[in-house]
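Q: Please take a close look at one part of this structure, namely its aromatic contacts.

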There are 2 protein chains.
Amino acid sequence: MIRIAVDAMGGDYAPKATVEGAVWAAIDYNVAIELVGREDDIKQELDRIQKKGLKITRGGFFEQKIKVDLSKLDIKITNANEIIEMGEAPGQAIRKKRNSSIVLAVQAVATGSSQAIVAAGSTGAAMASSLFGLGRLPGIERPAIAVTLPTMKKPFILLDAGANSSCTPEMLYQFAVMGTTFAKNVYGYENPKVGVLNIGEEAGKGNELVQATYKMLEENTIGLNFIGNIEGKELFQGNCDVIVCDGFSGNLVLKTIEGCSSMLFKMISQEFKRDPLSIIIGMLAKPFMKRIYKRINYEEYGGALLLGVKGITIISHGRSTPYAIKNAVRVAKEAVESEVNRKISELYE
Amino acid sequence: MIRIAVDAMGGDYAPKATVEGAVWAAIDYNVAIELVGREDDIKQELDRIQKKGLKITRGGFFEQKIKVDLSKLDIKITNANEIIEMGEAPGQAIRKKRNSSIVLAVQAVATGSSQAIVAAGSTGAAMASSLFGLGRLPGIERPAIAVTLPTMKKPFILLDAGANSSCTPEMLYQFAVMGTTFAKNVYGYENPKVGVLNIGEEAGKGNELVQATYKMLEENTIGLNFIGNIEGKELFQGNCDVIVCDGFSGNLVLKTIEGCSSMLFKMISQEFKRDPLSIIIGMLAKPFMKRIYKRINYEEYGGALLLGVKGITIISHGRSTPYAIKNAVRVAKEAVESEVNRKISELYE
């Protein structure tokens, strides 16, 4: 059975959300779990779940409480006394806090105790510890964060979503290779379409980085299915499967989407609170809004994959709920099963 | 009376939308208009409006047809035989097509016949002809496109939204100066808060450009109210009034917002078409959705202001409707009245 190491102390709602999400995943996906963090805290959460049950939602709608028999699940605890906080400088923090939950979660994969990591804490610390603890894949200059985003049709992969503020064309080219392999093997996309995130459609548009990347991808001889530049407004039309950009641009886009959709949903709920009639109509419309929210909710995708290291690290949102953690474990399991990393390496052999 | 030159041939729905919008603005804002474009086409549109009336909406909701007596409005036509198409290289096009509508609209301002330009055609051509025909403001290295974006509270100004793919910290600093002057004088914001668009809150975050810009703005002695880095997800909280970035990032963010909100509204209308019941609830909810659409609709803001040239150029969306053109003329008039440019120049004297 595949075992996933979950940094139990990572994220705004840890360890409650992480432990609940991990248990939920163990039930739903037939996966073994290694919870890494303060043993006492984790045990307390597990005891509570064993005694009082676990609140879950099915189909994202109906909440229910289920009984959990932990003795039937394969969940082990690895004690880690230290926690890396969100504000700490990642490189320094992982060297100083060798017994932090994220460092030991990575170590669990390095030693073969688990096969993948789910990390909802500091993104920088997850990246740094993965890079340091697992090493880079051969042929890859820098790892990238690959996020999955919804469109009107099927989801697409955007990378880099924030691992590297400044990039070279060679790096973006490697991101295209890694993204293509991921899209093929985890999402089963045939011959994934690759685009460069840009501010215009024509080849000459944008800054030097994207112009040079365009040229490299156009001339590629390893079978990348390059379709050209993709503008921000086209992102959600679902016509491209893998979109590459530097980590600064990718992170901007990612957070703009987050901010924009959150504003729209807030405005909707404001409008439905204007007067008694609007409250009634709002109640009728609520299930529809929930369905849309579910379609675009990042929690569905569970987290971003750190591509380019010798191992699987899923970087979850800092505000991860149990539902998000559960889905992150699912993505981790799928990434392990599909052997993404081995397939990326093969392209460089 | 202030006169606004409207490039009648610019935009996807020209000359119909541009002429209708210009007439509407002349009625609503007590402003004189100079329509620049093919005389015959413009006359045909004006004749139609005179005979059949003008379709307008009040409060963005109720469509009505009003009678128009053109003899009571101050609208003149300046003939321009050529049109610069969207795909043309701007620099080349404005040199080759000296009788194009955008070049002659800029010339109308240069010669004092009009006081500002509204351009819904090629952004590049509008920029190039403005820069060439009007010249830069003293002390300004490069002009920037300033867009106004909605938030949960009051709107903010983002610049540069696409004029300069690559920028230096000095340019971003100048954008902060111009944006602050604009926010003060056109929007009446007191001591506008200035932020740098970045992928993290701390001073050390982001690429070299934003780090150096942060430092310059922090050390400014001309009274800029610098509040630090602003992340994409904070954009819509309305806590910052002027946000500076390079044109590549700004355009990415702008188009991502456009794509993201358009996707959400499409999803909403999809959900409300599932079955007879959802159609009924959708009809009840429609006025609410329209109200939200209006709150975030770019048409309300009419267009972006090209800051840094000796004159006022409003760059409207290529898909501008008459309503958007009407609002663009309003923004143009407000910019002329508030003497933004003179006030920017004063800061550099």
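Are B:Trp24 and B:Tyr323 buried or exposed?

A: Both B:Trp24 and B:Tyr323 are buried, that is, under 20% relative accessible area, where exposed is over 50% and partly exposed lies in between (1.4 Å probe, protein chains only). The model is predicted, so that local features need pLDDT of at least 70 and side-chain atom pairs count only at pLDDT 80 or more, while totals for chains, interfaces and linings use all residues. Residues are numbered from 1 along each chain as its sequence is written, chains are lettered from A and ligands numbered from 1 in the order in which they are written, and side-chain values use heavy atoms, leaving out hydrogens and water.

Over all chains, the structure holds ten aromatic pairs; rings of Phe, Tyr and Trp (its six-membered ring) pair if their centres lie within 6.5 Å, and planes under 30 degrees apart count as stacked, over 60 as edge-to-face and the rest as tilted. B:Trp24 and B:Tyr323 form a tilted pair, with 5.6 Å centre to centre and 45° between the planes. This pair links distant parts of the chain: B:Trp24 belongs to helix H1 (residues 16–29) of chain B and B:Tyr323 to helix H10 (residues 322–338) of chain B, 299 residues apart. Helices here are DSSP runs (H or I, at least four residues), numbered from the N terminus.

In chain A, one aromatic cluster is formed by A:Phe182, A:Tyr187 and A:Tyr189. Over the face of A:Tyr189 lies A:Lys154, at 4.4 Å from the ring centre; a charge sits over a ring if NZ of Lys or CZ of Arg is within 6 Å of the ring centre and within 35 degrees of the ring normal. In chain B, B:Lys154 lies over the face of B:Tyr189, at 4.4 Å from the ring centre.

Conventions: Helices (H or I, at least four residues) and strands (E, at least two) are DSSP runs, numbered from the N terminus.
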